[in-house]
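Dear colleague,

Here is the structure I said I would pass on to you. Please open it beside this email, and then read my notes on what was found in it.

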Amino acid sequence: CDDIDECGTKTSNCQQICTNTIGSFVCSCDPGFSTNVTNSSICDDIDECATNTSNCQQNCTNTIGSFLCSCYPGFSINISNSTLCDDIDECATNTSSCQQICTNTIGSFVCSCGPGFSINVNDPALCDDINECATNTSNC
């Protein structure tokens, strides 16, 4: 008797990977998929986000056969490890809107003003000049 290669003759019905064996065949799945529990020739997508196998530090989005990591506002994907997020220093990159002093914080930044100025009540990125003579806080 000769073995029939069900994989080579395309009679296996394997959805993804077919491995011929003596007298039979075995179906398996690509990475990111698992064998269907009721039909071993079908492969189901693994939701790496729901199973917590993605290792995404912040946000995880499942895709067919894989996943994508993303970061909260104020963070960016790490260049050498796409599952990690790095703080963006808005002050160093000049992406803050601070008029005078910018202080980086984790995921954000805070604006402040130098002596003789106060934060504008309508726009905390701007500084208003304090009239020390009108407020009697100087030796006028």
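Lys10 is found in the segment before strand S1, and in this predicted model its phi is near 60 degrees, a positive value in a residue other than glycine. With a relative accessible area of 71%, Lys10 is exposed, because the cut-off for that word is over 50%. Asn13 also lies in the segment before S1, and although Asn13 is not a glycine, its phi is positive as well, at about 65 degrees. Asn13 counts as exposed too, with a relative accessibility of 63%.

Strand S1, which covers residues 17-21, runs antiparallel to strand S2, residues 24-28, and the two are joined by five bridges. Within this pairing, Thr21 stands opposite Ser24 in S2. S1 and S2 form a hairpin that leaves two residues between them, and in the turn Gly23 has a positive phi of about 80 degrees.

Which strands form the other hairpin that I would like you to look at, with Gly65 in the turn? They are S5 and S6, again with two residues between them, and the phi of Gly65 is positive, at about 85 degrees. Strand S5 spans residues 59-63 and strand S6 spans residues 66-70, and they pair in the antiparallel sense over five bridges. Thr63 has Ser66 in S6 as its bridge partner.

Methods:
Residues are numbered from 1 along each chain as its sequence is written. This is a predicted model: local features need pLDDT of at least 70, side-chain atom pairs count only at pLDDT 80 or more; totals for chains, interfaces and linings use all residues. Side-chain values use heavy atoms; hydrogens and water are left out. Two strands pair if DSSP finds at least two bridges between them. Helices (H or I, at least four residues) and strands (E, at least two) are DSSP runs, numbered from the N terminus. Buried means under 20% relative accessible area, exposed over 50%, partly exposed in between (1.4 Å probe, protein chains only).
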